[in-house]
Amino acid sequence: MVPGQYLMAPENLEMLETSIRLARYVTDAGCEVLVGAGTCLEYDTEFGTLSESTPSKPQSLYAATKLALGLALTHWAMVSGLRVVWARLFQEFGPYEDARRLVPLVIGSLLGNRRFRPLGGSQVRDYLPVEEVAEALRLLMESDVRGPVNVGSGMPIAVLELARKIGAALGRADLIDAEDGSDNTPGPAFICANSRYLQTQTRWRPRISLEQGLARSIEWWEGQLRESRPSRR
């Protein structure tokens, strides 16, 4: 689905239905463990720092269908014997990311020598390199964990500060503009994971710093830019 438009997209209902059918198929095929990808937006985000015990309060069709799928799979596990892990992801980023998401947007603008002003720059989020997300999911699959578990860094950062880190890494921090006070971007002011449960139930610990993750993304997008340029003969 399209970044910026997925929250209320009707396709969420289709994905809910398809995901439930898939769970039935893999169970019938003998699968013993299913690790599903939920979202931090299932929670009541007014709590700010979110743990697995934070109440649910989805504010979009996307979040509502994610919550519904997680609940359905959890109860299906009781009937089928399937072990279900519901990994609630926060803000992941990395190579192969959709170019319309925040990190690629900033990188693309700066590589193109264009100014960038992040919408919702004062909003605080929890960004985690995708390699760390993948490792967490692998460890959860191999663990005895059941039900919801947060997958996030636990290190909050403002969107504007994230953009400035990318600018500094590219030597173009001068192209990052701060909000001018007219930004009314909707969304929670603060979202961050309490990832203690993930860390106590598995061997997962953050290995890649935010700066290292951003450097990997920058390197990947620079490579994409080089490949897209016509060769000179």
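Asn113 has its place in the loop between helix H3 and strand E5 (124-129), where helices (H or I, at least four residues) and strands (E, at least two) are DSSP runs numbered from the N terminus. The phi of Asn113 is near 60 degrees, a positive value in a residue other than glycine, and this residue comes just after H3. Most residues other than glycine have a negative phi. This is a predicted model, in which local features need pLDDT of at least 70 and side-chain atom pairs count only at pLDDT 80 or more, while totals for chains, interfaces and linings use all residues. Residues are numbered from 1 along each chain as its sequence is written, and side-chain values use heavy atoms, with hydrogens and water left out.

Between H3 and helix H5 (residues 159-169), the axes come within 10 Å and cross at roughly 40 degrees, which makes H3 oblique to H5. Axes here are lines fitted to C-alpha atoms, for helices over the stretch in contact, and angles run from 0 to 180 degrees between N-to-C directions; angles under 35 degrees count as roughly parallel, over 145 as roughly antiparallel, 65 to 115 as roughly perpendicular and the rest as oblique. H3 and H5 contact each other (heavy atoms within 4.5 Å) through Leu102, Val103, Val106, Ile107 and Leu110 on the H3 side, and through Val159, Leu162, Ala163, Ile166 and Gly167 on the H5 side.

The structure holds 4 aromatic pairs, where rings of Phe, Tyr and Trp (its six-membered ring) pair if their centres lie within 6.5 Å, and planes under 30 degrees apart count as stacked, over 60 as edge-to-face and the rest as tilted. The rings of Tyr96 and Trp220 have centres 4.8 Å apart and planes at 50 degrees, so this pair is tilted. It links distant parts of the chain, since Trp220 belongs to helix H7 (residues 210-228) and the two residues are 124 residues apart. Tyr96 is exposed, with a relative accessible area of 68%, whereas Trp220 is buried, at 19%. Ring pairs also bring in Trp221, so that Tyr96, Trp220 and Trp221 are linked into a cluster.

The axes of helix H1 (residues 11-28) and helix H2 (residues 61-80) come within 10 Å and cross at roughly 20 degrees, which makes H1 roughly parallel to H2. Among the residues that make this contact are Leu13, Leu16, Ile20 and Ala23 of H1 and Leu61, Ala68, Leu69 and Trp76 of H2. In the segment before H1 lies Pro10, which is exposed, with a relative accessible area of 53%. Pro10 and Leu61 are 51 residues apart in sequence, yet 7.9 Å apart in space, C-alpha to C-alpha.

Definitions and conventions:
Buried means under 20% relative accessible area, exposed over 50%, partly exposed in between (1.4 Å probe, protein chains only).
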